Amino acid sequence: MMALSNVVNAYRKRPALLAFFCLGSALFLSSCGQKNEPWRYSGPTMGTQYHVTVVPKESLRCTQAEMDERIRQSLEQTNQQMSHYLDNSELNELSRLSVGESVTISADMEKVLRLSEQLYTLSDGAFDITVGPLVNLWGFGPKSSPEDAVPSEEQIREAMALGGGDSLKLSGSQFSKSKAVELNLSAVAKGYGADKVAEVLDACGSQDYLVEVGGELFLKGLSPRGSTWKIAIERPGNSLAGQSMQRLLEVSNKGVATSGDYRNYFEKDGVRYSHTIDPRTGKPITHALASVTVLAPSSAEADAWATVITVVGPEEGMRLAEQEQLPVFMLVKTKSGFKERYSSAFATYVQ
């Protein structure tokens, strides 16, 4: 996405949540002018970075150092389970599993696979954790050609035949495959990693914190200022320089993820090819959705749903948002600029 070091950006998605620490590099605005000195933790994970901010209180059951160690252990465990790049990860062991063979999986892997199965069904295959061969074919994966190239229709059909989310079988904690497919969880693993860190903080008795793993967020309680956490949605652009804010959100007790297709792409013969691949067609998306921000009960759900909506586009994405009562905010490209659209459940976040 480290091992999950360099994790493949399976559809995918570079977060567009504006990253502002007071110091200049995190993902929120609320630490500025804080009332209490927060505990901050950061470091590398899953081919990206994590940032955690905790508002300390006397009720905490962990010291600052203990919390640091538990956070790192949690992320290492998630990485060991879900990395596409660690040869001995649980995920890669499942990819190597023989057709028809059954194996017991960890509780964490079961949760992620069940979420993936649910979204595969709800999206009619737009969310597919076996999409890796297509991503590689189009030049956006770890096994890609170094040169930008547009594959032939035959190559696309061959790559599509190597995938298939409907070939994955779950029965309780037993996993099996009806087809020799490889799995990649890059569209959900970082969000799940943020959720697992949140569990660590909850176990330490923390009531107020922000967790960010590679742009995927989980926020709880209040910021160091004693107010609701504030995060900013970035206005789309092709450069990291001169980032600007489209909208400021006040969020708490939610997972948040933003997906956009406006940075990672290539151009060939005057045609722009997005890194976001639709597993149903085998080709990059062509619709006008520039970015989508999703709020959900967990960061993993927000992470996965942001990918789904990015793939299916603004019309189908809004239908799904209303059907699932998801708070969703979209920026759609028009001839005159970007137009905001949001679901009914997001209306309470509009200021």
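## Exercises on packing, pairing and a disulfide

The model is predicted, so local features need pLDDT of at least 70 and side-chain atom pairs pLDDT 80 or more, while totals for chains, interfaces and linings use all residues. Residues are numbered from 1 along each chain as its sequence is written, and side-chain values use heavy atoms, without hydrogens and water.

**Exercise 1.** Describe the packing of α7 and α8, and classify the residues of their contact.

*Solution.* 
- Step 1: α7 covers residues 299–312 and α8 residues 314–324 (helices are DSSP runs of H or I with at least four residues, strands runs of E with at least two, numbered from the N terminus).
- Step 2: The angle between α7 and α8 is about 140°, and their axes lie 6 Å apart (axes are fitted to C-alpha atoms over the stretch in contact; angles run from 0 to 180 degrees between N-to-C directions).
- Step 3: α7 supplies Trp-305, Val-308, Ile-309 and Val-312, and α8 supplies Pro-314, Glu-316, Gly-317, Leu-320 and Glu-324 (contact: heavy atoms within 4.5 Å).
- Step 4: By class, 6 of these residues are nonpolar, 1 is polar and 2 are charged (nonpolar: Ala, Val, Leu, Ile, Met, Phe, Trp, Tyr, Cys and Pro; charged: Asp, Glu, Lys and Arg; polar: the others, Gly among them).

**Exercise 2.** Locate the disulfide, and state which parts of the chain Cys-62 and Cys-204 tie together.

*Solution.* 
- Step 1: The structure holds 1 disulfide (a pair of cysteine sulfur atoms within 2.5 Å).
- Step 2: Cys-62 is joined to Cys-204, with S to S at 2.1 Å.
- Step 3: The angle about the S-S bond is -80°, and the link is left-handed.
- Step 4: Cys-62 sits in the loop between β3 (48–54) and α1 (64–82), and Cys-204 in the loop between α6 (189–203) and β7 (209–213), so the pair ties together parts 142 residues apart in sequence.
- Step 5: Cys-62 and Cys-204 are both buried (under 20% relative accessible area; exposed is over 50%, partly exposed in between; 1.4 Å probe, protein chains only).

**Exercise 3.** Describe how α1 and α6 pack against each other.

*Solution.* 
- Step 1: Their angle is about 150° and their axes are 9 Å apart.
- Step 2: The crossing of α1 and α6 is right-handed.
- Step 3: Among the contact residues are Met-67, Arg-70 and Ile-71 of α1, and Tyr-192, Lys-196 and Val-197 of α6.
- Step 4: The contact comprises 9 nonpolar, 3 polar and 2 charged residues.

**Exercise 4.** Is Pro-38 buried or exposed, and which residues is it in contact with?

*Solution.* 
- Step 1: Pro-38 is in the loop between β1 (17–18) and β2 (39–45).
- Step 2: Pro-38 is buried, at 7% relative accessible area.
- Step 3: Leaving aside neighbours within four places in sequence, Pro-38 is in contact with Thr-53, Val-54, Pro-56 and Pro-224.
- Step 4: The C-alpha atoms of Pro-38 and Val-55 are 4.8 Å apart, with 17 residues' separation along the chain.

Definitions and conventions
A crossing is left-handed if the near helix is turned anticlockwise from the far one by less than a right angle, and right-handed if clockwise.
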